[in-house]
Amino acid sequence: IDFGPGASASPGAVTGVHHILLTVSNLGRSIRFYRDALGMKVEYRSFHFTMLTAGNFGVALSDKPWDFEKKDEPKGVGMIPHFTTSDMDAFAARLK
């Protein structure tokens with residue numbers, strides 16, 4: 001999601017979000033949640049990594065820790081994705 005250069009008067013400021021990266025404990029289960037429950041589209045999938053999108057926003061899922069991640073932490077700690085929807089009731093019904 002890119003809000004364009006007018007979103008901030010500060011040069012070099014963040015103007016949007018391209019994707020978030022989540023390290024997950026079960027890639028298959030996580031793909032099913034983001035694809036089936038949230039309706040995201042799988043753009044790319046490999047053995048340990050998947051990229052899903054909703055419009056211009058992406059969620060990257062990996063079941064293999066990256067070198068920059070903290071060690072000995074449960075996978076996925078510290079990331080809380082936020083989503084938008086035009087129909088919260090329909091969204092809630094999908095999750096039930």
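Analyst: Three residues make the hairpin that joins β2 to β3. The two strands run antiparallel, with four bridges between them. Across this pairing, Val 42 faces Leu 52 in β3. This is a predicted model. Strand β2, residues 41-45, has the highest confidence in the protein, at 96.

An aromatic pair links Tyr 44 and Phe 49. The two ring centres are 6.2 Å apart. The planes meet at 50 degrees, which lies between the limits of 30 and 60, so the pair counts as tilted. Tyr 44 is partly exposed, at 47% relative accessibility. Phe 49 is also partly exposed, with a relative accessible area of 21%.

Next comes the β3 to β4 pairing. Strand β3 covers residues 49-54, and strand β4 covers residues 57-62. They pair in the antiparallel sense over six bridges. Met 51 sits opposite Ala 60 in β4. Ala 54 also belongs to strand β3. Its relative accessible area is 40%, so Ala 54 is partly exposed. The C-alpha atom of Ala 54 is 10.0 Å from that of His 19. Along the chain, those two residues are 35 apart.

Now the whole sheet. Its four strands lie in the order β1-β4-β3-β2. The sheet is open, and its pairing is mixed. β1 (19-23) and β2 are the edge strands. Each has a single partner strand, so one side of each is left without a neighbour in the sheet. From one strand to the next, the twist averages 20 degrees.

Ser 62 deserves a stop. This residue is found in strand β4. Its relative accessible area is 2%, against a burial limit of 20%, so Ser 62 is buried. A polar atom of the Ser 62 side chain lies 3.3 Å from the backbone oxygen of His 48. Beyond its neighbours within four places in sequence, Ser 62 is in contact with Leu 21, Leu 22, Thr 23, Val 24, Leu 27, His 48 and Phe 49.

Helix α1 spans residues 27-37. Its buried residues are Leu 27, Ser 30, Ile 31, Tyr 34 and Ala 37. Residues three or four places apart in an α-helix point the same way, because there are 3.6 residues a turn. The cover over the buried residues of α1 includes β1, β2, β3, β4 and α2. At the N-terminal end, Asn 26 caps α1. A side-chain oxygen of Asn 26 lies 3.3 Å from the backbone nitrogen of Gly 28. Just after α1, Gly 39 takes a positive phi of about 80 degrees.

The structure holds two aromatic pairs. Another is formed by Phe 33 and Tyr 34. Here the centres are 5.1 Å apart, with 85 degrees between the planes. That makes the pair edge-to-face. Phe 33 is partly exposed, at 38% relative accessibility. Tyr 34 is buried, with a relative accessible area of 8%.

The protein has two helices and four strands. Along the sequence, the pattern is β-α-β-β-β-α. Of its 96 residues, 23% count as buried. Take the contacts between residues at least 6 apart in sequence: 50% of them join residues at least 24 apart.

A word on confidence. The mean pLDDT of the protein is 77. Residues that reach 70 or more make up 65%. Helix α2, residues 88-95, has a mean of 78, against 96 for strand β2. Where pLDDT is low, the predicted coordinates should not be read in detail.

Conventions: Residues are numbered from 1 along each chain as its sequence is written. Side-chain values use heavy atoms; hydrogens and water are left out. pLDDT is the predictor's confidence in each residue, from 0 to 100. Two strands pair if DSSP finds at least two bridges between them. Axes are lines fitted to C-alpha atoms, for helices over the stretch in contact, and angles run from 0 to 180 degrees between N-to-C directions. Rings of Phe, Tyr and Trp (its six-membered ring) pair if their centres lie within 6.5 Å; planes under 30 degrees apart count as stacked, over 60 as edge-to-face and the rest as tilted. Buried means under 20% relative accessible area, exposed over 50%, partly exposed in between (1.4 Å probe, protein chains only). A polar contact is a pair of N or O atoms within 3.5 Å; within protein, one must be able to donate a hydrogen and the other to accept it, and residues adjacent in sequence count only if both atoms are side-chain atoms. Contact means heavy atoms within 4.5 Å.
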